[in-house]
Amino acid sequence: MKYLKQIFRISLRPALLVLIIILTSHLLIKEASKGRTYDSVNDIPKHKVGLVLGTIKTLSNGSINLYYKYRVDATVALFKANKIEFILVSGDNGNTLYDEPSTFKEDLIKKGIPENKIFLDYAGFRTLDSIVRAKEIFGLTHLIIISQKFHNERAIYLARQHSIEAIGFNAKELRGRYSLKTNLREQLAKTKAVFDVYFNIKPKFLGEKIKIE
């Protein structure tokens, strides 16, 4: 019994350290994004560009990914309320068979967004890449980020750490079992975001500059 207690104490220390790191990361991101996300189209200030953070459209079971659907809906709502002039869709286009930005563009056009108002970033492999490339490639220092609130908070934290004045427009959230896995993964993503800033991690690709106009 004595040895079991010693083993428990030893194993508990790294577990507590991990928990402290996760909680600290969560608090840092919450503080950085406090008062910077909006749920109402009427309340959010107008900006030139809205940055939509990509995600997959169709799940493995063939059903629509509601995170995707609600981000499209939120983007359309902002544009039609004249809160943004242009849309930058940033997502993963890692191979010819997977193209998040083009898929978003197709659905935005179907909902009445003019094609010449949509710009695509094909190298938004992670939120960090999307944020840094918005500044380094597309020249944006002020923007509205469009995603679910938990994602917007993390993106705003990254944006502020890279001298970008960003606010977030919150797409509709999901509740219950549908969101459980995503919410658990988000806690680790927040921790990784803080580590990325601390270690000055760079995007996978940069490239030639593109002017949005």
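**Entry 1: L66.** I then placed L66 in helix α2. Helices here are DSSP runs of H or I with at least four residues, strands are runs of E with at least two, and both are numbered from the N terminus. I also looked up the separation of L66 from K172: they are 106 residues apart along the chain, and their C-alpha atoms are separated by 8.9 Å.

**Entry 2: what I am reading.** The model is predicted, so local features need pLDDT of at least 70 and side-chain atom pairs count only at pLDDT 80 or more, while totals for chains, interfaces and linings use all residues. Residues are numbered from 1 along each chain as its sequence is written, and side-chain values use heavy atoms, with hydrogens and water left out.

**Entry 3: α2 and α3.** I stayed with α2, which covers residues 66-80, and looked at α3, residues 100-110. Their axes come within 10 Å and cross at roughly 50°. An axis is a line fitted to C-alpha atoms, for helices over the stretch in contact, and angles run from 0 to 180 degrees between N-to-C directions. α2 and α3 are therefore oblique to each other; angles under 35 degrees count as roughly parallel, over 145 as roughly antiparallel, 65 to 115 as roughly perpendicular, and the rest as oblique. I noted the crossing of α2 and α3 as right-handed, meaning that the near helix is turned clockwise from the far one by less than a right angle.

Which residues of α2 and α3 meet? From α2 I listed Y68, R71, V72, T75 and V76, and from α3 T103, F104, D107 and L108. Contact means heavy atoms within 4.5 Å. The residues of this contact divide into five nonpolar, two polar and two charged. In this scheme Ala, Val, Leu, Ile, Met, Phe, Trp, Tyr, Cys and Pro are nonpolar, Asp, Glu, Lys and Arg are charged, and the others, Gly among them, are polar.

**Entry 4: what covers α3.** I found E100, P101, S102, F104, K105, D107 and L108 buried in α3. The cover over the buried residues of α3 includes α2 and the strands β2 (47-53), β3 (84-90) and β4 (118-121). After α3 comes G112, with a positive phi near 100°.

**Entry 5: α4 and α5.** Next I took α4 (residues 127-136) and α5 (residues 149-161), which pack at an angle of about 50° with their axes 9 Å apart. α4 and α5 are therefore oblique to each other, and their crossing is right-handed. In this contact T127, L128 and I131 of α4 meet H151, R154, A155, L158 and A159 of α5. By class I recorded five nonpolar, two polar and one charged residues.

**Entry 6: positive phi outside glycine.** S163 lies in the loop between α5 and β6 (165-171). Its phi is near 60°, a positive value in a residue other than glycine. S163 is exposed, with a relative accessible area of 57%. N200, in the segment after α6 (177-198), is not a glycine either and has a positive phi of about 55°. At 45% relative accessibility, N200 counts as partly exposed.

Entry 7: I found V18 in helix α1, residues 2-33, and partly exposed at 47% relative accessibility. V18 and T191 are 173 residues apart in sequence, with 9.8 Å between their C-alpha atoms. T37 lies in strand β1, residues 37-38. Leaving out residues up to four places away in sequence, T37 touches K149, N152, E153, I156, G168 and N170. T37 and L27 are 10 residues apart in sequence and 16 Å apart, C-alpha to C-alpha.

**Entry 8: the whole protein.** I counted six helices and six strands, in the order α-β-β-α-β-α-β-α-β-α-β-α from the N terminus. Buried residues make up 44% of the 213 residues. Of the contacts between residues at least 6 apart in sequence, 76% join residues at least 24 apart. Along the principal axes, the C-alpha atoms fill a box of roughly 70 × 40 × 40 Å.

Note on methods. Buried < 20%, exposed > 50% of the residue type's maximum accessible area, 1.4 Å probe, protein only.
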